[in-house]
Every structure is written in C-alpha cells, then in structure tokens.
Amino acid sequence: MAKAKRSVKFMCQECGYESPKWMGKCPNCGAWNQMVEMLEPTKKGRSSFTHTDEVSAAVPITKITSDNEPRFLTQMPELNRVLGGGVVQGSLVLVGGDPGIGKSTLLLQVSAQLTTTGKRVLYISGEESVKQTKLRAERLAVTGDNLYVYAETNLEAIQQTIQHVKPDFVIIDSIQTIYHPDVTSAAGSVSQVRECTAELMRIAKGGNIAVFIVGHVTKEGAIAGPRLLEHMVDTVLYFEGERHHAYRILRAVKNRFGSTNEIGIFEMRDIGLVEVANPSEVFLEERLDGASGSTVVVSMEGTRPILVEIQALISPTMFGNAKRMATGMDHNKVSLIMAVLEKRVGLLLQNQDAYLKAAGGVKLDEPAIDLAVAVSIASSYNDKPTKNTDCFIGEIGLTGEIRRVSRIEQRVQEAAKLGFKRIFIPANNQGEWKLPKDVSIIGVTTLGDALSKALPK
C-alpha cells in the first residue's frame, strides 16, 4: 500500500504567513525572499492553546470570584515594579534584548533570589552546557539547593524534566534554541517558536508554574519570530541599553497583571546587575555648569518620574541640505519642533545642522519633552545657557502653544527633590495642587513666552 503523500506549504519567516505556493514577496508583511518550504507534520494533535485539561463551562461574569493573583517578590524592587508587583503564578513572561545585554545574567540572579524563599527553580539552558552555566553562576555568586540546571533543547525532554522536578519557576534560555520533534522545521523557525511557546503556555497555565522565556531580537530591535509570540505571552519585557554604557533599562511593553511602560534601571558590574535606586541623579551627575544647549526635563516612564538631560548642538551647515540627527528621541519629533521654532518664533534654522541627544543612553518618547527640546535648540542657536536650576515640562503644538501634560504634580515633586528652583510648565496645568517649598512654578502659554523667560535678552 502506498504511503500517503505529505502536503507541502510555504511559510514566511518574518510574520508566519502560510501559502500553498512559493512567492517572492510575502503578501502579508511585504518581506522579500522569506518564504520557505515546510512539510506538514505526520502526527496529529498538535499542541493547543487550552490552559488546562479540564472541560470548563460558560458562567455569568457576576458569579465569577475575583481573587487577587498571588505574587512572589524578588529581592529586586526594580524588577518587581516592572512586573506589576512581583511574579504571578502561572504567568508566561518573555524577556527580549540584544546579545550580551544581560538577559541571562538577570534571570540567573533572580533564580537564586527565588530559591531563598523556599521555591524550586528549574533553569533550562539551550545555549550553554551545565558546566558553563555553573561557571557563570560562580562569577555572580549564585547558588542554592533548590536551583536546578538542565541543558536541553528537546521540548519533550523538557516536559518530562518539569514533571519530575515539579518546579515553581521555569526559565527557558532561549526559545529560539528549543525545538519540538513533531515539527519538521529547524529550531528558531516561525513554526518551531510558535509551537514551543504554545506548549510552554499550556505547562504554565495547567501546572500553575511561572515561566520566563528569553527571546532573541532582530537587527531592527523586535523579538525574533512571529508576532504571535508576543500575543501569546502574559508579559513582554525589553532589556535596553547602549553597548558602551553600564546602565541597562528593563521596560514592560505588555503586562496583563500590571501597567505597561514601567521601567527598571540596573547597572552592569563584574558581580552582575545592580539596581540603581535614584536614576535621576545618575543621568544628571555629569552635567556641565553654564553650557549652552543643555536643558533638563522630567519624563514619566510608566508611573515613575525621571529627570534627563537633553543636549543640543546647532552649527552652520557646510552642505546644501542641513543635517538632523537625534539619539534617544524620535528624529521626526526634532524636525517638527525645529519647524515650529522657525515659523512661530523666527529662528532661522533651515541652514543649521542640528544634533540632539538624551544623555545617559535613555530613550524618550513622550510629548512632555517637547518644551525642553525646543529650549535646548534655541539655547545652542543663540549660545545662551539656561540656568542650572531650570527644568522644562510641556508639549508643543504646531501653532506654537504649550499644551498640558499628565501627572504634573509628580513631575514637579521629583524636580524639586533634586534641587531645581524654577520649573516651566504649561499654564493650563496650574491648578489646585500642592506646590513644593522654595520652588517657582512658571506657567507658559506659547513657545515664544517660554523662550523669553528662559533665555532673556
């Protein structure tokens, strides 16, 4: 009897789109030369997305009890804040970042901290041997009888080990090295990452085990693999930082158990990652006195106010088209603010090169930094420094107005704590809230009004 012919399909390695025939360009994401041939697995009953093996029934929402999810606190308050108050049982957490940024270091340190509370942790490494993991643990002074290390990439073997060890926490380092034997494609492919993550989600929800997954990133900075990967997990954390800076920023971009856009700041040392208790002082400690083009803004990262120095350098261009370069902020935002300065204030910037930077390697992407960026550009253009005790908060509209921003009281309190005496804020944000002592709050309505007060002639 002839064997049944296995069907063939083509899958996009960028987005996971499937097609019965090969195409040069993916119709879903537009990527070229990403369609690869895939064989349908012979074994039926692929891993499903059901959380438990129990058959549930639909019930009215009024009869569902809303118990608070139990959380486990680590010894890193920065990590606890990013996770929304601690690690939730049965959660699936994805941690992404550039190679060498400190993902494995962070999770190995957290593993040791969780074992001190009597919890059992299983660290599964698909990139290092057991001895290599041990060497790294010795360098970080990580040890504990409840910390189990297992080097394996076969998902079925990993499942058996989880059933045998019965851990409270599982760490997978990394998901791109794990493969399911029933899936014919290579480890790290779209189908492998999707199937392995689905199976790990079933293990996490069914066994009430908190699972951390390390994910590689692409050259664009996104998590490698299908976009479905980020939709499947409960929490997505990005580990950011400049390669030449010691500071690392852990940012939550998705969290089903807490707020998003929370950040935790760490410093990489020879003993591992150490928390930074007051990041505002770190970002401002090297600021020069009397330097033109330097301003300070209070940026909200989630629920946390952070003071960051914004630097601008404006110089005459030597070419036909002026250059616009920005580090740590959106390049389009800089071009927009310079256009408003030229149109509404009268600064001739079309023949000036502009270089802007958020000091310390931090990335700013909220509207409240607009006023600080505009003042730093005007300060460098006129070669007039602002006062060292000035701080600027506000969003700029296209007509030159200064628009209100959120959480102004928290921002002002943080600036006052670090010794700033004059704080420029939108006039519409002045209201009935408690003002700090010995601090002058200056409300401004237009960009010209702000510049005349911050940079008097």
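**Exercise 1.** Which strands does helix 9 lie across, and at about how many degrees does helix 9 run to strand 16?

*Solution.* This is a predicted model, where local features need pLDDT of at least 70, side-chain atom pairs count only at pLDDT 80 or more, and totals for chains, interfaces and linings use all residues. Residues are numbered from 1 along each chain as its sequence is written, and side-chain values use heavy atoms, leaving out hydrogens and water.

Start with the elements: helices (H or I, at least four residues) and strands (E, at least two) are DSSP runs, numbered from the N terminus. Helix 9 (residues 370-382) lies across strand 15, strand 16 (304-316) and strand 18; contact means heavy atoms within 4.5 Å. Its angle to strand 16 is about 30 degrees, with axes fitted to C-alpha atoms, for helices over the stretch in contact, and angles running from 0 to 180 degrees between N-to-C directions.

**Exercise 2.** Find the order and the edges of the sheet.

*Solution.* Four strands make an open sheet with mixed pairing, ordered 15-16-18-17. Strand 15 (294-301) and strand 17 (324-327) are the edges, each pairing on one side only; two strands pair if DSSP finds at least two bridges between them. Next, look at strand 17 and strand 18 (residues 352-358), which pair in the parallel sense over four bridges. Here Met325 is opposite Tyr355 of strand 18.

**Exercise 3.** Is Gly102 buried or exposed?

*Solution.* Gly102 sits in the loop between strand 6 (92-97) and helix 2 (103-115). Its relative accessibility is 7%, so Gly102 counts as buried (under 20% relative accessible area; exposed is over 50%, partly exposed in between; 1.4 Å probe, protein chains only).
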